[in-house]
Amino acid sequence: MANKPWLKQASEGKFIEVMGAKIFIKKLSFGESRRAIEPAMKFNPRTQQPEIDVTLANMLRAVKSIEKWELTDEHDQELPITFETVENLDEEFVGELIQKITEANNSGVSEEEKKN
């Protein structure tokens with residue numbers, strides 16, 4: 001099959017590490033990403049313009065990207081992968097988590113592959 005960087009590959013997942021915790025993430029399709037961030041978008045009737053809560057959008061997209069993680073509670077029970085769970089984690093951890101997921105998802109197609 002020819003190189004087609006616009007097609008989402010089935011095996012597009014990878015491990016990232018955040019403060020010692022391993023997290024397996026998947027690369028979202030355009031539609032998955034769009035649906036994930038919908039709650040962060042509002043229509044302002046006064047200005048007739050859409051408004052986006054960028055922090056919320058990034059968090060929603062990050063949570064949707066997480067397939068599996070090693071995060072556990074104080075009783076060593078795995079934490080559920082939900083928006084509410086992430087919202088209650090340490091702020092510094094969540095900031096690094098979102099940053100690493102964003103970096104991992106943005107590094108999928110090289111500039112050379114985009115040209116071919």
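Residues are called buried when their relative accessible area is under 20%, exposed when it is over 50%, and partly exposed in between, as calculated with a 1.4 Å probe and with protein chains only. The structure is a predicted model, in which local features need pLDDT of at least 70 and side-chain atom pairs count only at pLDDT 80 or more, whereas totals for chains, interfaces and linings use all residues. Residues are numbered from 1 along each chain as its sequence is written, and side-chain values use heavy atoms, with hydrogens and water left out.

The protein contains 5 helices and 5 strands, where helices (H or I, at least four residues) and strands (E, at least two) are DSSP runs numbered from the N terminus. Of the 116 residues in the protein, 28% are buried.

Helix α1 (residues 30-37) packs with helix α2 (residues 54-65) at an angle of about 130°, and their axes lie 8 Å apart; here the axes are lines fitted to C-alpha atoms, for helices over the stretch in contact, and the angles run from 0 to 180 degrees between N-to-C directions. This angle makes α1 oblique to α2, because angles under 35 degrees count as roughly parallel, those over 145 as roughly antiparallel, those from 65 to 115 as roughly perpendicular, and the rest as oblique. The crossing of α1 past α2 is right-handed, a term used if the near helix is turned clockwise from the far one by less than a right angle, with anticlockwise giving a left-handed crossing. Within helix α2, T55 counts as exposed, with a relative accessibility of 61%. The C-alpha atom of T55 is separated by 8.5 Å from that of A40, although the two residues are 15 residues apart along the chain.

Side chains of opposite charge can pair when their charged atoms come close. A salt bridge is defined as a side-chain nitrogen of Lys or Arg within 4 Å of a carboxyl oxygen of Asp or Glu, and a search of the whole structure finds 4 of them. In one of these, the side chains of E67 and K26 meet with an N to O distance of 3.8 Å, and this pair links distant parts of the chain, since E67 belongs to strand β5 (residues 66-69) and K26 to strand β2 (residues 21-26), 41 residues apart. E67 is partly exposed, at 45% relative accessibility.

Another salt bridge joins R34 to E38, with the closest N and O atoms 3.4 Å apart. Both partners have intermediate accessibility values: R34 counts as partly exposed at 40% relative accessibility, and E38 is likewise partly exposed, with a relative accessible area of 43%.

A salt bridge is also formed by the side chains of E96 and K100 (3.4 Å, N to O), and these residues both lie in helix α4 (residues 91-106), 4 residues apart, which is about one turn of the helix. E96 is partly exposed at 23% relative accessibility, and K100 is partly exposed at 29%. Elsewhere, salt bridges that share partners join K26, E32 and E67 into one network.

On the surface, M41, I52 and V54 form a nonpolar patch that has about 270 Å² of accessible area together. Such patches are made of residues with over 30% relative accessible area and no salt bridge, with like charges joined within 9 Å and nonpolar side chains (Val, Leu, Ile, Met, Phe, Trp, Tyr) within 5 Å; the accessible areas come from the Shrake-Rupley method with a 1.4 Å probe, and for residues only the protein chains shown count as cover. M41, a member of this patch, is found in strand β3 (residues 41-44) and counts as partly exposed, at 36% relative accessibility.

M19 has a positive phi of about 50° although it is not a glycine, and its place is in the loop between β1 (13-18) and β2, where M19 is partly exposed with a relative accessible area of 45%. For Q48, which is also a residue other than glycine, phi is positive and near 60°, and Q48 lies in the loop between β3 and β4 (49-52). E92 is placed in helix α4 and is exposed, with a relative accessible area of 58%.
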